[in-house]
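Reader: Could you take me through this structure closely, one part at a time, in a friendly way? I would like to start with a single helix.

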Amino acid sequence: MVKIHDVRKSYNGVEVLKGVDLNVDRGEVTCLIGPSGSGKSTLLRCINHLEKHDSGELRVDNELVGYEMRNGRLYELTDKRVCENRSRIGMVFQRFNLFQHLTVLENVTVGQRKVLGKNRDDATFKARELLARVGLKDKESSYPSQLSGGQQQRVAIARALAMDPKLMLFDEPTSALDPELVGEVLEVMKDLARSGMTMIVVTHEMGFAREVANSVYFLDGGVIEEYGDPRVILITPSSERLKNFLSKVL
Amino acid sequence: MTANGDATVKVVPVRHYGRWVGVAVVGLFLAMVVHSLFFKVASARIVCHVISGVKVCQHAMVYRYQWNIVGQYFFTSEILHGLLRTIFLTVVAMVIGIVLGVTIAVMRMSPNRVLSSIAWTYTWFFRGTPVLVQLLFWSFIGAVYPHLTLGVPFTHVTFVHFNVNTSLTLMEACAIGLGLNEGAYMSEIARAGLISVDEGQIEAATSLGMTRRQTLRLVTIPQAMRVIIPPTGNEVISMLKTTSLVSVVGVIDLLGAATNIYSENFEIVPLLIVASLWYLLVTTVLSTGQFYLERRFARGALRTPPPTPIQRLRTDLAGVASKFRTRRGIEVSA
């Protein structure tokens, strides 16, 4: 589903990703862990082309992200094509980023209507179904500012799911939440994983990684230090750095 | 409950003696203003009456501000026509200004250097020269460009052609001139609004697959409106009065009409009052409109929207009424 080979990215001469390889199969849940500044979020943002990678190969569903190969040359995709591709990749942010001027229902329908071109009734029907799934059926006419962080994040997940994504990206979805609200968001994510959604999750929730992830990648200083089955590498890490990192977060 | 079973203990509020003195001083000045505005005073004119065979002469009592003359001219057609011209100029200039302002603000924020430099230069030029100069220039536009032709320079390709002197009225030229000037100021207001929207909102819209244009229209501009509206209201009200400059080039607006009348009858102050009262009236209507517009665009930003003036009046009155109804005091538990 996602194939990443030797991807590099620098900001103002500072290399944040120094040749990253990563593979995610359809239906798999992959967690990216690592200290802050290790490049986890940048990698995630490269996958839906919110950031342009400088070099390397990045494919989603066997198609290059942001480029097209024709006659042995790479052509940059037009904005329209990039947007089309992006609409099928859901993204959930650390700070929720719900549209503040729209109600919960409008947040979940706006993408369906304006990007996918669905009519109001179909979009509303789907939105209600998804809001019920994340347990917020009765909040559809609230504004984001009237909801708790956990509720906002669940709406954000519903908003992303409304686009029928083939892949979901989560950028530290529980880091901005009060501790007692983390559970409700993780519960929704676990449910999503069980339903067979392909997910890449940047997280500090080691419990979630161990329980749900098929594989865990540990990033440090812009490279993958170690990866593998969470039940193996989180319990008996082989690299010194991962051992060190785990001793701090667990 | 206190020991003797009394549920409440009397509370003595803090007495603000300084404030009372302040109120008395302000009240005195207010009384003087009201007196000078609305009570008749003796004028230099002497009127004589014959009362039971005796001729009595005294100074005539008149209103200092001659309210009778104000009333006499308030609804004359000359004034009302001037008012309509003022409103027309304000509306057209502001529409041009707002559309242009948003366009220039978006251009200014474009990653393309050419677009952003053009936007910057526009703002620099139109803010940097006096609006009166610009207005004079636009009123003489027919002398500079007798025929306006849109086409490709140095070739014979033309798209549009029209005669400026015959098809552009002086008033339209003024409206365009004021609008172009306003565009420069509005662009900075619009830009402030656009950069006030959280980057995360734009990222979220982008990740849903919205194009730049959709993001701007559906996410950024609606949220920027909250920041844009108050200064824009300011600009509209300021424009209402800036339009009085057009009398310099010979368009008879509200103030121009008042000037025309008093140059004939020399009732200068009453006619200035007529014009001012109309300006105040329109400003009041505009401010009210602004309040409701702000409320509309505050949706989602505040947990509870601010009360309308009518709602506020109702709660204020209810508060005053309850003060009289209930005894002051708080419950104290022993």
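Author: Happy to! Helix α10 (residues 212-242) of chain B spans only 36 Å between its end C-alpha atoms, whereas a straight helix of 31 residues would span 45 Å at 1.5 Å a residue; that expected span is 1.5 Å times one less than the number of residues. Helices here are DSSP runs (H or I, at least four residues), and strands are E runs of at least two, numbered from the N terminus. In α10(B), a kink of about 45 degrees lies at B:I228, shortly before the proline B:P230; the bend is the angle between axes fitted to the seven residues ending there and the seven starting there.

A word on the source: this is a predicted model, where local features need pLDDT of at least 70 and side-chain atom pairs pLDDT 80 or more, while totals for chains, interfaces and linings use all residues. Residues are numbered from 1 along each chain, chains are lettered from A as written, and side-chain values use heavy atoms, without hydrogens or water.

Now the interface: 23 residues of chain A contact 22 of chain B (heavy atoms within 4.5 Å). The rule finds 1 salt bridge across it, with a Lys or Arg side-chain nitrogen within 4 Å of an Asp or Glu carboxyl oxygen. A:R45 pairs with B:E203, their closest N and O atoms 2.7 Å apart. Elements giving two or more residues to chain A's side are α2 (79-87), β8 (89-92) and α3 (104-114).
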